[in-house]
Amino acid sequence: MGVKTFYLAGETAKHGLDLDISQVTEFSALQDAIATNFSIVVPGEVGFQDKTRSLESLEDIRSTDEPIGVNISGQPVRETPGPEGLPYLGSYLQIFPDHLGNNQRLFERYGPVFKSTSMGVTNYQTNDPKIAQIVLSESEYFSKEINKMHPLYPIKNDMAGVFLGDSTSPNWKVVHKYMPPALGPKAVRHYSKTMNDELRVSLPVFDELESADSAWNVYQYMLKLSSATVGKIVLGIDFEHFTSVDAPLHKMPLAIAHSLALNKKITSMGEWYSHLPFGDPKRLRDLQAFMTGEINKVIQESKGNGTEDLPLQDAALKAANLVDYFTRAVDNSGNRLPTENMSAALTVAAGAGFTTTSSLLSWLIFGLVTYPGMQERLVQELVNHDFKDDADVTPELIEELNELDKYVKEMQRKHNPSYQPGRTAQKDLILPGGLRMRKGEIIIAALHHIHNNPKVWENPDRFDPDRWDTEAVKKRGRTDYIPFAAGQRMCIGFNFALQEIKIFIAQLVWRYEWIKDGNVETEYDPFFQLIRPVNLYVRTKRRTVYPSRSI
Ligand code: HEM
């Protein structure tokens with residue numbers, strides 16, 4: 001008899017599946033067939049058992065007359081564990097305000113995947129890189145689909161295509177064709193001069209703060225610096241953030257930063273809250289409308305400049321900024337990015353471009369004032385490369401700054417500022433370890449927790465830039481370190497981000513010695529979409545003495 005009944009171990013055999021296995025010649029082929037039928041995401045983890053024993057081979061399976069239980073790496077299929085939570089509030093009080101620390105504790109308690117409900121919104125999270133890899137790969141099982149449970153739902157904007165749109169939307173395809181060339185490695189190199197110039201514009205303000213021996217809030221100034229750079233390179237606008245020490249933040253970055261803060265607040269309050277016609281949800285809608293209006297004006301002005309159309313790759317290398325690029329770049333058929341996508345896509349590029357880098361720059365300064373000897377290492381490396389005051393940090397120099405590279409990597413591991421990428425189950429499915437997820441549920445690849453998972457990283461709490469020289473780290477798994485996420489929906493601005501922050505940190509550490517002000521522990525803002533330090537204050541001292549070359 002070639003027909004066998006298979007059922008999921010953990011359920012009753014009544015829901016079994018009859019399968020004729022007479023033609024099956026390989027154990028792995030049977031695993032594949034069972035995985036497909038039961039939506040088990042990793043076929044290689046499928047195992048078999050009857051009432052008394054594990055069935056290790058096709059012969060074992062053929063020899064039994066009982067229904068055959070299907071397990072996942074020896075485990076029965078079961079509900080994903082997680083805290084029970086209170087009625088209505090769910091686990092809100094257990095998770096906020098220290099969501100990083102509390103989620104870490106939940107991983108320690110429940111294992112590599114847990115689910116929690118907060119104010120009516122249920123999300124799964126994983127700190128296992130292998131599961132993150134599955135989740136972040138667009139597939140029949142998972143996709144970026146921003147439904148009501150998704151953390152980006154209140155700011156969803158399908159027309160933006162990237163970041164705020166679903167992967168299945170035609171808008172993602174079209175924007176994803178036009179935007180990446182403008183942020184590719186070559187295109188970004190041609191913005192390195194602007195990045196150095198923008199930093200230089202800020203120096204009189206940092207010098208003034210230094211002369212007055214003032215302590216200043218790092219995030220506020222890094223927000224000004226990174227948004228001024230994005231203002232120039234994405235929108236072609238001078239935000240005038242460094243005309244004086246207390247120059248105000250331009251209304252556009254202010255609106256974007258405010259929208260992200262409102263989004264985090266609204267999502268943490270539950271889906272119902274986002275529909276209120278007043279209060280925060282209304283403020284968020286007003287801000288979005290304001291941004292669209294402002295960016296449309298910029299596009300109209302750029303269109304009036306009468307410059308030539310260019311193929312995508314040429315336009316990326318010649319454009320003065322991204323607005324200029326979008327208004328000139330044409331594909332092989334001579335089509336440009338549809339106007340209806342342009343303003344939303346530019347708003348996303350501007351927002352994604354500075355909210356992230358301002359947080360990362362702030363953490364990098366936190367590292368300079370926290371980890372002994374780090375500043376000296378970075379300065380020594382610059383000395384060894386004959387760096388001088390007023391020199392540009394060029395893309396060629398960046399490639400040689402190995403200490404800086406290791407520093408940035410280690411900081412992005414330990415203090416990753418980034419969004420938590422959420423993906424949506426496309427069907428009822430079974431995760432590694434036998435954990436169930438249902439269609440429409442959201443799982444977040446918890447980047448911070450992957451990067452600080454002791455099963456993946458040796459001594460994860462230790463700040464150690466030299467770990468990046470070790471074989472273990474060089475041969476790490478593909479998704480053990482993913483500050484920019486992974487898969488088709490990963491960050492397309494990472495070349496831009498890394499070049500910018502390396503230029504800024506190299507210039508700033510060359511010019512100043514950095515000293516933390518006060519002994520207060522640095523805290524992050526729990527109600528912002530990104531992890532940013534809120535209370536980090538520093539003072540600086542102009543460097544006048546440099547070490548001699550060490551090599
Ligand atoms: C430290 C800096 C940055 C970090 C840590 C970061 C991180 C990320 C992450 C994790 C995602 C995936 C989000 C998701 O899956 O839901 C993402 C997407 C994205 N990032 Fe970044 N990012 C950074 C800088 C930038 C910059 C400078 C730009 C543009 C100038 C940019 C543009 C984008 C865009 C357009 C997407 C969406 C791609 C898509 O939907 O296909 N990012 N980023």
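Which residues does Val-509 touch, not counting residues up to four places away in sequence? Val-509 touches Leu-368, Gln-375, Leu-378 and Val-379, where contact requires C-beta atoms, placed from the backbone, to lie within 7 Å. This is a predicted model, in which local features need pLDDT of at least 70, side-chain atom pairs count only at pLDDT 80 or more, and totals for chains, interfaces and linings use all residues. Residues are numbered from 1 along each chain as its sequence is written.

**Cys-491**

- An unreviewed UniProt entry carries the annotation "binding site" covering Cys-491; such annotations may be inferred rather than shown by experiment, and their positions are given in the numbering used here, with feature names shortened.
- Cys-491 is placed in the loop between helix H19 (471-474) and H20.
- Cys-491 counts as buried because it has 21 C-beta neighbours inside 10 Å; the class buried needs 20 or more other C-beta atoms within 10 Å of the residue's own, exposed means 12 or fewer, and partly exposed lies in between, with C-beta atoms placed from the backbone.
- Residues up to four places away in sequence aside, Cys-491 touches Phe-484 and Ala-485.

- H14 has 32 residues and reaches 47 Å from its first C-alpha to its last, close to the 46 Å expected at 1.5 Å a residue; the expected span is 1.5 Å times one less than the number of residues.
- Of the 32 residues of H14, 29 are buried, so this helix is largely enclosed by the rest of the structure.
- The 18 residues of H20 should span 26 Å at 1.5 Å a residue, which agrees with the 26 Å between its end C-alpha atoms.
- H20 is mostly covered, with 14 of its 18 residues buried.
- Val-509 lies in H20 and counts as buried because it has 24 C-beta neighbours inside 10 Å.
- Val-509 and Leu-378 are 131 residues apart in sequence, while their C-alpha atoms are 7.4 Å apart in space.

**Partly exposed positions**

- Gln-31, in helix H1 (residues 27-38), counts as partly exposed because it has 19 C-beta neighbours inside 10 Å.
- Neighbours within four places in sequence aside, Gln-31 is in contact with Pro-43, Gly-44 and Val-46.
- The C-alpha atoms of Gln-31 and Phe-48 are separated by 9.1 Å, at 17 residues apart along the chain.
- Lys-406, in helix H17 (residues 402-414), counts as partly exposed because it has 18 C-beta neighbours inside 10 Å.
- Not counting residues up to four places away in sequence, Lys-406 touches Pro-465, Asp-466 and Trp-468.

**Domains**

- The domain assignment gives domain 1 (3-72) and domain 2 (170-413 + 483-542); these bounds come from an automatic or database domain assignment.
- The centres of domain 1 and domain 2, taken over C-alpha atoms, are separated by 52 Å.

Terms used: Helices (H or I, at least four residues) and strands (E, at least two) are DSSP runs, numbered from the N terminus. Two residues are in contact if their C-beta atoms, placed from the backbone, lie within 7 Å.
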